[in-house]
Amino acid sequence: MNQTNVVTFPEAMKKIKFAVIGCGSIGQRHVAVLDAEADAQLIAICDVDEQKCIKLAETYPGLVWYTDYQKMLNEADFDVVNVCTPHGLHAPMSIGAARAKKHILVEKPMAISIQDCEDMILAARENNVLLMVVKQNRYNVPIRLAREALESKKLGRIFMVQCDVLWNRYEGYYSESNWRGKMALEGGALYTQASHFIDLLIWWFGDVVKAKTMMDTKNHQIEIEDCGTSVLEFDSGVMGTINWTTCVYNKNYEGSIKIIGEFGTIKIGGQYLNKIEYWDVRAYPLSDNIDFTDKPNSYGKYQGTSSNHDKVIKDVIARLSHEKHMIVEGEEGIRSVKAIEMIYDDARK
Ligand SMILES: NC(=O)c1ccc[n+]([C@@H]2O[C@H](COP(=O)([O-])OP(=O)(O)OC[C@H]3O[C@@H](n4cnc5c(N)ncnc54)[C@H](O)[C@@H]3O)[C@@H](O)[C@H]2O)c1
């Protein structure tokens, strides 16, 4: 690998070598996606839980495994490391990876403070590596359709947007985890459940410039909120709201974005932005034969958002190979963290 310039990458035809830190719910999905990707080679995995490593190494023979990520960064030969650990560890692990001259693909949220994000961006720049952030909902079919309508100005001026993340997380989701629900490691439900949604709002309507927030912890024994609502203003002048909760009875109810424009209204809905539930756009009807193929990430007793991690990995490879891609990098990823901090700051002040 050429270490002096981030925009060059190995001999074009060589497989890109990956390693994964954190082999929990989403780390295992990264491992499966990397194993299935023809242009990727998964070299090594790391988890402090030795049993998880052993189990994965049995499923994917040939994998080298570590319980110390710094040792893996120092010893193993790979190009990109996927950071799939609790939020509070994203910054130190990404910075360590940058110093070891590895490109980074960090799970969302990029980190849980603006300062951490800035330190990560700086470390990547200083070491000439790429810092990329997982935002797999950008690839959902309904998101593509809405984006095409917005980019081609079919809705005219946008007035308002409403976003609802109304999900269920059972008590064990928190109590059986050593990081979920903890302020220092999770930081808040917006970082976990809503950051994909906030990323999309910012992508389309600009940075959040004002937020008026109420939030509370109503139904879980946790240090962070499980219910919140915020009235937002975006850089573009669009006004909006976001409601989020993990208190919905029994199962996820809805993950939706409603866009109110001069010449059209769109509701992207379903449980995880997987459907178009309403589309009324002047002279721009929705085609009848769209295949809504996005599937959720399922983790046994609960479901997350879309499982388009395969598309993210393909775009990491495309980015490193100078091909067309839509991967999100650190400078873009920090924008959601800034918005989330602004939303929380208003409630906490
Ligand atoms: N993109 C998505 O849709 C999506 C979905 C789920 C989770 N995530 C993100 O992925 C991250 C992990 O979430 P999860 O649900 O997989 O959590 P998890 O608790 O299931 O897994 C985290 C893993 O990290 C390991 N770990 C902790 N400290 C470590 C260390 N110092 N070194 C090595 N391994 C360590 C744990 O043992 C555990 O196996 C979070 O940031 C979360 O927000 C993203």
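Lys101 is placed in the loop between α4 (90–99) and β5, where helices (H or I, at least four residues) and strands (E, at least two) are DSSP runs, numbered from the N terminus. Although Lys101 is not a glycine, its phi is positive, at about 65 degrees. The model is predicted: local features need pLDDT of at least 70, side-chain atom pairs count only at pLDDT 80 or more, and totals for chains, interfaces and linings use all residues. Residue numbers start from 1 along each chain as its sequence is written.

The peptide bond that joins Lys108 and Pro109 is cis, with omega about -10 degrees.

The axes of α4 and α5 come within 8 Å and cross at roughly 10 degrees. Here axes are lines fitted to C-alpha atoms, for helices over the stretch in contact, and angles run from 0 to 180 degrees between N-to-C directions. α4 and α5 are therefore roughly parallel to each other; angles under 35 degrees count as roughly parallel, over 145 as roughly antiparallel, 65 to 115 as roughly perpendicular and the rest as oblique. On the α4 side the contact is made by Ala91, Ser94, Ile95, Ala98 and Arg99, and on the α5 side by Asp116, Asp119, Met120, Ala123 and Ala124. Two residues are in contact if their C-beta atoms, placed from the backbone, lie within 7 Å. The residues of the contact of α4 with α5 divide into six nonpolar, one polar and three charged. In this division Ala, Val, Leu, Ile, Met, Phe, Trp, Tyr, Cys and Pro count as nonpolar, Asp, Glu, Lys and Arg as charged, and the others, Gly among them, as polar.

For α1 and helix α9 (residues 309–320), the axes come within 9 Å and cross at roughly 60 degrees. α1 and α9 are therefore oblique to each other. Their crossing is right-handed (a crossing is left-handed if the near helix is turned anticlockwise from the far one by less than a right angle, and right-handed if clockwise). In α1, Arg29, His30, Val33 and Leu34 meet His309, Asp310 and Ile313 in α9. By class, this contact of α1 with α9 has three nonpolar, two polar and two charged residues.

Helix α8 (residues 189–205) and helix α10 (residues 330–348) have axes that come within 9 Å and cross at roughly 115 degrees. α8 passes α10 in a right-handed crossing. From α8, Leu190, Tyr191, Ser195, Ile198, Asp199 and Ile202 meet Arg335, Ser336, Ala339, Ile340, Ile343 and Tyr344 of α10. The contact of α8 with α10 comprises eight nonpolar, two polar and two charged residues.

The domain assignment of the chain gives domain 1 (16–133) and domain 2 (137–305), with bounds that come from an automatic or database domain assignment. Eight residues from domain 1 and 10 residues from domain 2 form the contact. On the side of domain 1 that touches domain 2, three residues are nonpolar, three polar and two charged. The C-alpha centres of domain 1 and domain 2 lie 27 Å apart.

The ligand is surrounded by 27 residues, and the closest are Gly22, Gly24, Ser25, Ile26 and Glu107. A residue is near a molecule or strand if its C-beta atom, placed from the backbone, lies within 6 Å of it. The shell around the ligand has 10 nonpolar, 12 polar and five charged residues. Domain 1 and domain 2 each provide at least three residues of this shell. Both α1 (25–36) and β15 (303–306) supply at least two residues of the shell, and α1 gives the most, with three residues.
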